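Hello,

Here is the structure for your files. My notes on the ligand site and the aromatic rings follow below.

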Amino acid sequence: MLKNKVAIVTGGTRGIGLEIVRTFKENHAEVILFGSKEESVNKAITDLAKEGIKVEGYYPDLNNPTEIKQVIEEINEKYGSIDILVNNAGISANKKIEETTAEEFENIMSLNVKAIFNVTKEVVPFMKNKKSGVILNTSSMVSIYGQPSGVGYPTSKFAVNGLTKSLARELASSNIRVNAVAPGITNTDMVAKLPKEMIEPLIKTIPLGRIGEPRDIANAFLFLASDLASYITGVILSVDGAARS
Ligand code: NAD
């Protein structure tokens, strides 16, 4: 489904991002993964190689526009284009507002929102030159109704939805589609870190009766990245077993 496409996946070293990398590779894309650290990027590349999947990785500071510009230019030069950008890197929060520092709030907004702006800004000129491209952002089901604690996280994901819908309109005339996937609770390290008291009651409310697997989410990214979604832009696709309602 993604033959001859070049895709960058941020936060591609584990969890949902790593599964997107696998799924895109199975569908014949060239994939470049980004991670936060050299060690985690190397580990992901080595683990994928053991599965017979060959990818390259980078670890630019997603809040350093100069570093991002260099890396994006290098990738475009090396691969000839950047057709798909998946802005997936993200961190969550679960503390009550009184226990959350301004710095923690800012850190969430920096990675979950500003980093998307930073990377997208550098990729868009190359997509515009080619008059085609797909930008996909990882939102969350908490971007619909919020969550009972950890206010920075849903705040950041509401912003992701706003950025997605606005850029879809701004870039449509250049044939660049911009969509987001809003996963429900998904079986990754991010969820393993959250307290059981927070997760278990949530699972009970999921109509499909289970949490999502990374492949459930990656398949939605595959669809939106592919030409099957050629008339879909500005959409926030919920993949959450109907947990949002
Ligand atoms: P994860 O913690 O397993 O992976 C997070 C990824 O983000 C890693 O690849 C990591 O390298 C990268 N990352 C973290 N901090 C970074 C930094 N400072 N700079 C660059 N990269 C950094 O998480 P996940 O569950 O796979 O989450 C991936 C995305 O899915 C996030 O945007 C998250 O908000 C979203 N999401 C997850 C769930 C869930 O239940 N797991 C639900 C809804 C949305």
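Around the ligand are 26 residues, of which Thr13, Asn88, Tyr153, Thr186 and Thr188 come nearest; a residue is near if one of its heavy atoms lies within 4 Å of the molecule. This is a predicted model, in which local features need pLDDT of at least 70 and side-chain atom pairs count only at pLDDT 80 or more, while totals for chains, interfaces and linings use all residues. Residues are numbered from 1 along each chain as its sequence is written, and side-chain values use heavy atoms, with hydrogens and water left out.

An oxygen atom of the ligand lies 2.5 Å from a side-chain N or O atom of Thr188. For Thr186, a polar backbone atom is 2.7 Å from a ligand oxygen, and for Arg14 a side-chain N or O atom is 3.0 Å from one. The cut-off for a polar contact is a pair of N or O atoms within 3.5 Å. The ligand exposes 820 Å² when taken alone, and the protein buries 90% of that (Shrake-Rupley method, 1.4 Å probe).

By class, the shell around the ligand has ten nonpolar, 13 polar and three charged residues; Gly counts as polar, and Asp, Glu, Lys and Arg as charged. Helix H7 gives the most to this shell, with three residues (helices are DSSP runs of H or I with at least four residues, strands runs of E with at least two).

Elsewhere, the whole structure holds one aromatic pair (ring centres within 6.5 Å; planes under 30 degrees apart are stacked, over 60 edge-to-face, the rest tilted). Phe34 and Tyr58 form this edge-to-face pair, at 6.1 Å centre to centre and 65 degrees between the planes. Phe34 is in strand E2 (residues 30-34) and Tyr58 in strand E3 (residues 56-58), 24 residues apart.

Regards

Definitions and conventions:
Polar contact = N/O pair within 3.5 Å; in protein donor to acceptor, adjacent residues only side chain to side chain. Phe/Tyr/Trp six-rings, centres within 6.5 Å; stacked < 30°, edge-to-face > 60°.
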